[in-house]
Structures are given as structure tokens and as C-alpha cells.
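Good morning. Please have the sequence and the model open while I talk. I will go through a few local features and then some helix packing.

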Amino acid sequence: MDLLIEYIIAMTNLYGMVSKEKAVEIYNSQNEDKVGIDVIESYMANPPEELEKAFIYPYKGYFVHEAILEFDAFDVMLAEKAGKPYYVPDKEELLKYTDEWYFEKTGQFETLFNYVRDNFCKGDANKAEELCVDIQGTCHAGSDVQSILDVFNDRGIGFRDIDHVNEVLRLVMDFHNNMRLWENNGHTPNEIFEMFEKPFLRPLPKKPFNFDETNVIDIKTRRKIGRNDPCPCGSGKKYKKCCGK
């Protein structure tokens, strides 16, 4: 298979969709033999059969995975991706994504796998692998909690109680938050949080919040309360001898 076609398949599987410009940029950054945009455009005009076999189709200047087109989600996905940088692994890792079923097996995956194997599959590693791969696919599709639980229910796997459900869901969510997602241009939710949200979080002050007791307002009358005024709590005492101490 032509190396450029392999790249297009790998990038589309990793990102869900990739523009012709981004495809050229990533390919040229990792290979000495450079390609021009005209080569990519020729693939869009006459898609090689390898792309169709991989369920990848040209659409509006992008190579797009069939799953996005099937659910008419192109515009929604494009909006979700906006402003997010691309995760670009090295060449060896990137080309692993030519396999549609490949995903990065993180430490969180291993933790979930070990739990599932020991608690639900009686030590059967193959059954545990199948279950975890189905969980990965369900999470990757952006499904809700019930859909995740259905993966277990469909296999006749039950839970002892609500605490058991929550224990399993915590493992699944930890796995999901470290999963490479299409809407994040290949980044994980945790990586996006570190880049975009965490820098704007303000730490709590070391000292308790202070307030100016001379600016206390009686919420009933909307009037500022003086130190010698009756306390609005109704005690009959002056404010300074009651709530204003």
C-alpha cells in the first residue's frame, strides 16, 4: 500500500476526519519524500479503493470516517474540534492506527482490564479483552452511562449494589478520560483539561474571605445596617451585640 494512503487511513482513524492540508502537513513532517496538496486532491477526486475498504471517504475537503457521515455528524464534529491542537504521535505510533481497531492501551485500560478479568470473567483474559474493547468503543462513540452499563447487561453481568456500579464506573471514566478521542483531535480529555481549563482555575485563598461588616444589608428592607441598629435576626438586641459581634 502507498505510504501516503496509509497515513490518510491512520490519521482518519485517529482523528475521525482530517483536512487535506493537515494530511500534507503531518505526512511531510515525518517523511523525507515530500508531497504536494495536488497529490491529496487527486486522491479526493479519485479515491483509491484502499480508502473505501477502510470506510473513509472524501467530503468537503476532508477525509472522513464513515461513522461520522452515517450519523450526519460532520458539522457537529467540526465544531467540537475547533481550536483544539492535534495530537501527532511519532511515525511508528501513528501508523498503528491503520488498524481500525487499534487504540492506545494505557495504564487506566490495564487497571480496568485486570478488574474485569478478576471480577467478571473468572480469570479469562480473552473474555476480559473483548469486554474492555466493547467498553472502549462505547466510550469512544460518546455514549451515556446507561449505554456503558448495557455492555455489561448484554453479557449477563450483574452488579451487587449501587456501590458496586459506582466502583466500576469510576474505573470506566478514568479509562475514558485518558482515551484519544476524535472530537479532541486525538487528545485525551485529561490532556485537553490540562491545556485549556486547568490554567484558568484559581486556587482558594490561604486566608478566609473577609467582609466589611459596615456594609451588611438587611435583605428584608434592603437597608444598610448600622452597628447600633436592631439586629435583623429578630433577637431584639443591637446588631453589634448580636450577629455583628
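One definition first: a residue counts as exposed when its relative accessible area is over 50%, as buried when that area is under 20%, and as partly exposed in between. Also keep in mind that this is a predicted model.

Let us apply the definition to D72. Its relative accessibility is 68%, so D72 counts as exposed. D72 is found in the loop between α5 (66-70) and α6 (74-81). As background, most residues other than glycine have a negative phi.

F55 is another such residue, with phi near 65 degrees, again positive and again not a glycine. You will find F55 in the loop between α4 (49-53) and β2 (56-59). Is F55 buried, exposed or partly exposed? With a relative accessible area of 35%, F55 is partly exposed.

E80 belongs to helix α6. At a relative accessible area of 38%, E80 is partly exposed. Its C-alpha lies 5.6 Å from that of E183, although 103 residues separate E80 and E183 in sequence.

Now the whole chain. The protein chain has 12 helices and 5 strands. It holds 245 residues, and 38% of them count as buried. If we take contacts between residues at least 6 apart in sequence, 52% of those contacts join residues at least 24 apart.

Next, two helices to set side by side. Helix α1 covers residues 3-15, which is 13 residues, and spans 18 Å from its first C-alpha to its last, close to the expected 18 Å. Helix α8, residues 107-119, also has 13 residues, and reaches 18 Å, close to the 18 Å expected.

How many of the 13 residues of α1 are buried? The count is 11, so α1 is largely enclosed by the rest of the structure. The buried residues include L4, I5, Y7, M11 and Y15.

In α8, the buried residues are F109, L112, F113, Y115 and V116. They lie on the same side of α8, because they cover an arc of only 165 degrees around the axis.

What do the buried residues of α8 pack against? They pack against α9 (125-140) and α11 (162-176).

Let me take α8 and α9 as a pair. Their axes come within 9 Å and cross at roughly 130 degrees. That angle makes α8 oblique to α9. The crossing of α8 past α9 is right-handed. On the α8 side, the residues in contact are F109, L112, F113, V116 and R117. They meet A125, A128, E129, L131, C132 and I135 in α9.

The last pair is α9 and α11. The axes of α9 and α11 come within 10 Å and cross at roughly 65 degrees. This crossing is right-handed. From α9, the residues C132, I135, Q136 and C139 meet V172, F175 and H176 in α11.

Terms used. Residues numbered from 1 in each chain as written. Predicted model: local features only at pLDDT ≥ 70, side-chain atom pairs only at ≥ 80, totals over all residues. Heavy atoms only, no water. Helix = DSSP H or I, 4+ residues; strand = E, 2+ residues; numbered from the N terminus. Expected span 1.5 Å × (residues − 1). Buried < 20%, exposed > 50% of the residue type's maximum accessible area, 1.4 Å probe, protein only. Arc of directions from axis to C-beta. Contact = heavy atoms within 4.5 Å. Axes fitted to C-alpha atoms, helices over the stretch in contact; angles between N-to-C directions. Parallel < 35°, antiparallel > 145°, perpendicular 65-115°, else oblique. Left-handed = near helix turned anticlockwise from the far one by under 90°.
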